[in-house]
Amino acid sequence: MTQQPHAPQSSAGTTATPTPAPGLGPTPTENAWAAGGVVFAGVLMLMNGILAILQGISLLAKDDVWTRVGDYVYKMNLTGWGVILLCLGALAAVTGAFILRGAAWARMTGIFLASLSMLAQFLFLPYAPVWSVIMIGIDFFVIWALAVYRPQARA
């Protein structure tokens, strides 16, 4: 007897999709979290980009909105921060829009931009500590959601 009684029977001309062994693949609940998480990550990235653009504009337009930092290792001119955040925000907003459209390249770009944003917000901590910590947490979630998402293969 060559077939096991509990093995799934495949009809001629069709192939059965293999199911992952227990513990080796994501569960349906994990897939649902990741699929919902990637949409949420796209929205967060889009909003993070828009907020970074506004933050950059405020740094460029009126430097006196932000506190001056006395002795800081990574001290930079506030105009320089404005340019960095404006450019990073524009890229993040565009990438977030493409994540929502389902572009595969946007997920990897999103992970890269969220990592850069996390680094920039860490360096910006002395200027706006509470805001920077919140943005670091959001960037962490975006990286996680985009990294664990595995879209189903389309037939």
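**View 1. Helices α2 and α3 cross with a left-handed sense.** A crossing counts as left-handed if the near helix is turned anticlockwise from the far one by less than a right angle, and as right-handed if clockwise. This is a predicted model, where local features need pLDDT of at least 70, side-chain atom pairs count only at pLDDT 80 or more, and totals for chains, interfaces and linings use all residues. Residues are numbered from 1 along each chain as its sequence is written, and side-chain values use heavy atoms, with hydrogens and water left out. Helix α2 covers residues 78-101 and helix α3 residues 104-123; they pack at about 150°, with axes 9 Å apart. The axes are lines fitted to C-alpha atoms over the stretch in contact, with angles from 0 to 180 degrees between N-to-C directions. That angle makes α2 roughly antiparallel to α3 (over 145 degrees; under 35 is roughly parallel, 65 to 115 roughly perpendicular, the rest oblique).

**View 2. Here is the contact between α2 and α3, residue by residue.** Contact means heavy atoms within 4.5 Å. From α2 come W81, L85, L88, L91, A92, T95, F98 and I99, while α3 brings W105, A106, R107, T109, G110, L113, L116, S117, A120, Q121 and L123. By type, the contact holds 13 nonpolar, five polar and one charged residue (nonpolar: Ala, Val, Leu, Ile, Met, Phe, Trp, Tyr, Cys and Pro; charged: Asp, Glu, Lys and Arg; polar: the others, Gly among them).

**View 3. R107 sits in helix α3.** With a relative accessible area of 18%, R107 is buried (under 20%; exposed is over 50%, partly exposed in between, using a 1.4 Å probe and protein chains only). Look across to L146: R107 and L146 are 39 residues apart in sequence, yet their C-alpha atoms are 5.7 Å apart in space.

**View 4. S132 belongs to helix α4, residues 129-148.** S132 is buried, at 0% relative accessibility. Beyond its neighbours within four places in sequence, S132 touches Q121, F124 and L125.

**View 5. Stepping back, the whole protein reads α-α-α-α along the sequence.** Of the 155 residues, 30% are buried. Among contacts with a separation of 6 or more, 71% join residues 24 or more positions apart. The protein exposes about 10200 Å², with carbon and sulfur atoms supplying 70% of it; accessible areas come from the Shrake-Rupley method with a 1.4 Å probe.

Technical notes
Helices (H or I, at least four residues) and strands (E, at least two) are DSSP runs, numbered from the N terminus.
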